[in-house]
Amino acid sequence: MSLTDAPIVSRRVFARSALAVGLAAAGVGLGGARASAATVPGAADWMAALDGQASLARLTIPGTHDTGALHGGPITETQTLSVADQLAAGVRFLDVRCRAIDGVFAIHHGPVFQQIFFGDVLNQCQAFLAAHPGETVLMRVKQEYSSVSDADFGTIFATKYQSRWPGLMWTENRIPHLGEVRGRVVVIADNGGVPGVRWGGAMTDIEDDYDIGTIFEISSRKWPETSAHLDAARASGDPQRLFLSFTSSSGWGLWPRQAADAMAPRLRSYVGGLDHSARPVLGTVPMDFVTADSARMLYALNFGG
């Protein structure tokens with residue numbers, strides 16, 4: 001078996017692919033960018049150039065999987081850029097994994113402490129948004145490597161963070177228009193005690209098949225699932241349904257870097273094959289080992305670039 005073997009398409013992928021019928025007519029996307037198709041803004045201010053009436057669900061947003069995982073070796077590390085550098089590169093979705101310990105949130109990937117706390121993440125987001133008030137940041141908040149109750153996790157979130165960063169986090173359970181949340185962090189709550197858009201709820205549509213055993217399953221499983229979900233995002237027009245298509249994976253015989261290196265050219269080829277002038281909407285696309293180039297490839301779609 002080789003990487004060029006024809007993929008085995010599951011019934012799940014087939015069902016997703018069926019949603020993409022008529023994509024030439026659908027997926028016209030934003031249509032409300034103030035910049036011309038020939039103009040792609042800089043990475044730090046690309047959202048500022050978009051119409052404030054655009055739903056966050058109808059944008060193409062680059063993101064990172066396990067945003068803070070910069071330490072712990074090749075099986076644990078998923079990024080090379082700090083939170084601040086990710087934001088500066090154009091990333092606008094952060095996947096933040098919080099261990100509840102001693103009344104605070106420590107950022108973890110599994111058992112490995114990532115040498116940063118949730119307050120540090122919020123400080124970096126606040127500083128970026130103060131310097132770039134036309135932007136917004138979507139943030140998944142998930143409990144990781146701790147097992148406190150949702151109620152206790154939510155109490156820490158409210159008392160240690162919401163109260164100390166007043167006005168920074170937007171926590172309503174709906175998908176906002178961009179203009180409502182410029183300069184703020186939109187919380188996507190992957191914990192029952194945290195307020196915000198419900199992760200896995202009716203307003204999110206998530207493809208995150210992360211447990212991929214070997215490199216061969218990138219072709220037979222991971223990429224077909226991911227590309228079918230990107231097709232579904234393009235075919236949708238629902239401003240209250242946020243599509244999230246994770247390109248990240250790892251497994252018993254596959255490290256995150258190997259998976260990322262295998263997925264990156266496939267995603268680039270997929271994006272390259274789109275009609276950019278139609279401004280297709282891919283939704284939110286979290287990646288491992290994000291770079292300024294991989295982020296720009298995605299957010300440029302909002303401008304026909």
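Student: Which residues of H6 are buried?

Tutor: In this predicted model, the buried residues of H6 are Pro256, Ala259, Ala260, Ala262, Met263, Leu267, Tyr270 and Val271.

Student: And what do they pack against?

Tutor: The buried residues of H6 pack against helix H5 (216–235), strand E11 (284–287) and helix H7 (292–299).

Student: What span should H6 have, and how far apart are its end C-alpha atoms?

Tutor: H6 covers residues 256–272, and at 1.5 Å a residue its 17 residues should span 24 Å. The end C-alpha atoms are 24 Å apart, which agrees.

Student: Take H7 next. At what angle do H6 and H7 pack?

Tutor: The angle is about 30°, and the axes of H6 and H7 lie 11 Å apart. H6 is therefore roughly parallel to H7, as angles under 35 degrees are classed that way.

Student: Is the crossing of H6 and H7 left-handed or right-handed?

Tutor: H6 passes H7 in a left-handed crossing.

Student: Which residues meet there?

Tutor: From H6, Leu267, Arg268 and Val271 meet Asp293, Ser294, Met297 and Leu298 of H7. Leu267 and Val271 are also among the buried residues of H6.

Student: What about the packing of H5 and H6?

Tutor: H5 and H6 pack at about 40°, with their axes 11 Å apart. That angle makes H5 oblique to H6. Their crossing is right-handed.

Student: Which residues make that contact?

Tutor: H5 contributes Ile218, Ser219, Lys222, Trp223, Thr226, Ser227, Leu230, Asp231 and Arg234. On the H6 side are Ala259, Ala262, Met263, Arg266, Leu267 and Tyr270.

Student: Why the spacing of three or four places in such lists?

Tutor: An α-helix has 3.6 residues a turn, so residues three or four places apart point the same way.

Student: Changing topic: which residues of H3 are buried?

Tutor: Phe118, Gly119, Val121, Leu122, Cys125, Phe128 and Leu129 are buried in H3. H3 has 14 residues, 118–131, and reaches 20 Å from its first C-alpha to its last, close to the 20 Å expected at 1.5 Å a residue.

Student: How many helices and strands does the protein have?

Tutor: The protein has 7 helices and 11 strands. Of its 305 residues, 55% are buried. Among contacts with a separation of 6 or more, 74% join residues 24 or more positions apart.

Note on methods:
Residues are numbered from 1 along each chain as its sequence is written. This is a predicted model: local features need pLDDT of at least 70, side-chain atom pairs count only at pLDDT 80 or more; totals for chains, interfaces and linings use all residues. Side-chain values use heavy atoms; hydrogens and water are left out. Helices (H or I, at least four residues) and strands (E, at least two) are DSSP runs, numbered from the N terminus. The expected span of a helix is 1.5 Å times one less than its number of residues. Buried means under 20% relative accessible area, exposed over 50%, partly exposed in between (1.4 Å probe, protein chains only). Contact means heavy atoms within 4.5 Å. Axes are lines fitted to C-alpha atoms, for helices over the stretch in contact, and angles run from 0 to 180 degrees between N-to-C directions. Angles under 35 degrees count as roughly parallel, over 145 as roughly antiparallel, 65 to 115 as roughly perpendicular and the rest as oblique. A crossing is left-handed if the near helix is turned anticlockwise from the far one by less than a right angle, and right-handed if clockwise.
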